[in-house]
Amino acid sequence: MRFWAEIIIFTVALIWVGCTGPSKPSSDDAVPDVSTTRVADMPGELPLPAVPDSLAEPSARAGYAIEHFWEAMDFDNRRLSLDTAFMEQNFANFLGLAAMAGHDARSMAVGQLMDRAAVGGREPYEFLCGIVEKYLADPNSPMRDEDMYILFLDRMAVDDLLGEAGRLQAAHRLAVASRNRPGMRAADFAYMTADGKRRRLHDGASGPGGTLLMFYDPDCDRCKAVVAMLGEVQLPDGMRLLAVDVEDDRALWEKTRGGFPPEWTTGFAAESLDELYSLPALPVFYLLDGDGRVVLKDPPVDRLLTAVKRRDTTPG
């Protein structure tokens, strides 16, 4: 975890520098001048683009920065384009800025990055795709970002450089990531309750309080820890709390279901959820509004706690 921590600390500093811009820009329309800089001579990080002073909004400045971030990178240079430390550090810097940019700028920047990597050929392109997977999809990554991940997968699913197998794999991952997105009605499924009845997620509207849906494993210590943290939070009035065991050991569920606070409804998945939900690492939470639409999809625990504290049930 030390590596991730170093990335986060650097990213905070990078966002500050990237959004304040140069103190004395040469002109309001200045663009990054990288024509005299050779990547091979750079110590470990690409130079930050000089953002025009005419761009005042932080999102606009971040958008400009990510659209020009990779201009100094020569993907033909295998010494750097295949160097794990160099590429991961710069990709983390890029993501730190992208987090502040708008969707259109992020989409354009991803396309430009993939175009540049493709010029270097299949090897650096596939290397970059591996970094994308590690940083944006790994459940243990603090920079995990499904919105950004989908932008990359959209491109990877149609790119000839990955070959047919690579494109199919990217298309499958895109389909999985596209399930149950914020604003969509959560996929319905059946589960068994403690009284032996078979129920469905959308049986009975939960009302304005919405639903906090938790997929869990009875043997998961982290699942228990998060439930304990939620027990210390003032939840919205009328919110339904539903925990569904997605493992195959019903006997273990029967034995452990009493470990939840009384306000929780516990269930055992009565059907496979593999084609309905992405469950990369348990627990996985979904915050649903009163109509069963997704408000938050598998958020980090701190964001989940903040959302329920503020009774945030607005899609987005």
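**Close-ups of a predicted model**

At 8% relative accessibility, Cys129 counts as buried, because buried means under 20% relative accessible area, with exposed over 50% and partly exposed in between (1.4 Å probe, protein chains only). This is a predicted model, where local features need pLDDT of at least 70 and side-chain atom pairs count only at pLDDT 80 or more, while totals for chains, interfaces and linings use all residues. Residues are numbered from 1 along each chain as its sequence is written, and side-chain values use heavy atoms, with hydrogens and water left out.

**View 1. The open sheet.** Seven strands line up here as β2-β1-β5-β4-β3-β6-β7, with mixed pairing. Strands (E, at least two residues) and helices (H or I, at least four) are DSSP runs numbered from the N terminus, and two strands pair if DSSP finds at least two bridges between them. β2 (198–200) and β7 (294–297) sit at the edges with a single partner strand each, so one side of each has no neighbour in the sheet. On average, neighbouring strands are turned by 30 degrees against each other, direction ignored.

View 2. Strand β6 (residues 284–288) pairs with β7 in the antiparallel sense over 3 bridges. Leu287 has Leu296 of β7 as its bridge partner, and Tyr286 stands opposite Lys297 in β7. The two strands form a hairpin with 5 residues between them, and Gly292 in the turn shows a positive phi of about 80 degrees.

**View 3. Thr211 on β3.** Thr211 lies in strand β3 and is buried at 1% relative accessibility. Its side chain makes a polar contact of 3.1 Å with that of Arg240; such a contact is a pair of N or O atoms within 3.5 Å, where within protein one must be able to donate a hydrogen and the other to accept it, and residues adjacent in sequence count only if both atoms are side-chain atoms.

**View 4. Rings around Phe215.** A search of the whole structure turns up 16 aromatic pairs. Rings of Phe, Tyr and Trp (its six-membered ring) pair if their centres lie within 6.5 Å; planes under 30 degrees apart are stacked, over 60 edge-to-face and the rest tilted. Phe189 and Phe215 have ring centres 5.7 Å apart and planes at 50 degrees, so the pair is tilted. Phe215 is buried, with a relative accessible area of 0%. The rings of Phe215 and Tyr277 are tilted as well, with centres 4.9 Å apart and planes at 55 degrees.

How values were computed. Axes fitted to C-alpha atoms, helices over the stretch in contact; angles between N-to-C directions.
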